[in-house]
Amino acid sequence: MDHVRDIQDWLPGSALAGLVIPSTDDFLSEFAPPAERRLRWPTGFRGSTGEAVVLREAAALFLEGRYFQQGLADTRGAPLSIEPDMLSARRAWLGRVWLSTPTPDWKDHR
């Protein structure tokens, strides 16, 4: 089960262009307790480490290689892409989707 679309539906009414959702808990622990696994609810991903970026028109889950196949299986049907957890991959994905996304009318959020 994923809630990416719920977040995307919520974003236009907020003053936000998107959300970055890390897998770490408040103490930046990679192996967070079950109640603190932040990626499970929005994406369905059950692994211990990763980062999701949810924009109004696109979403991605950035994962280390060891979690790539699990990410594909856990998020099947979710409206997001699975990407490598590397800075260059993040920049490339963001450049692709940001340039193809219509610019919001920020005046509506005053």
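1. F45 sits in the loop that runs between α2 (40-43) and β2 (51-55). The model is a predicted one, and the remarks below should be read with that in mind. With a relative accessibility of 1%, F45 counts as buried, because the cut-off for that class is under 20% relative accessible area.

2. The surroundings of F45 come from several places in the sequence. Setting aside neighbours within four places in sequence, F45 is in contact with L39, R40, L61, L63, Y67, Q70, G71, D74 and T75.

3. On aromatic pairs, a search of the whole structure gives two. F45 and Y67 make up one of them, in an edge-to-face arrangement with 5.8 Å centre to centre and 90° between the planes. The pair links distant parts of the chain, 22 residues apart: F45 is in the loop between α2 and β2, and Y67 is in the loop between β3 (59-63) and α3 (68-74). Y67 has a relative accessible area of 12% and is therefore buried.

4. F62 and W93 also form an aromatic pair, again edge-to-face, at 5.8 Å centre to centre and with 85° between the planes. F62 belongs to strand β3 and W93 to helix α4 (residues 87-100), so this pair ties together parts that are 31 residues apart in sequence. F62 counts as buried at 1% relative accessibility, and W93 is buried with a relative accessible area of 3%.

5. A35 and V54 are 19 residues apart in sequence, and their C-alpha atoms are 21 Å apart in space.

6. As to the fold, the protein has four helices and four strands. Read from the N terminus, the elements follow the order α-β-α-β-β-α-β-α. Among contacts between residues at least 6 apart in sequence, 54% join residues at least 24 apart.

7. Taken along the principal axes, the box filled by the C-alpha atoms is roughly 40 × 30 × 25 Å.

8. Burial and surface can be taken together. Of the 110 residues in the protein, 38% are buried; F45, at 1% relative accessibility, is one of the buried residues. The protein exposes about 6900 Å², and carbon and sulfur atoms supply 56% of that area.

9. On charge, the protein carries 13 positive and 15 negative side chains. The centres of these two sets lie 3 Å apart.

Definitions and conventions: Residues numbered from 1 in each chain as written. Predicted model: local features only at pLDDT ≥ 70, side-chain atom pairs only at ≥ 80, totals over all residues. Heavy atoms only, no water. Helix = DSSP H or I, 4+ residues; strand = E, 2+ residues; numbered from the N terminus. Buried < 20%, exposed > 50% of the residue type's maximum accessible area, 1.4 Å probe, protein only. Contact = heavy atoms within 4.5 Å. Areas by Shrake-Rupley, 256 points an atom, 1.4 Å probe, with all protein chains shown as cover. Lys, Arg positive; Asp, Glu negative; His and termini not counted. Charge placed at Lys NZ, Arg CZ, Asp CG, Glu CD. Phe/Tyr/Trp six-rings, centres within 6.5 Å; stacked < 30°, edge-to-face > 60°.
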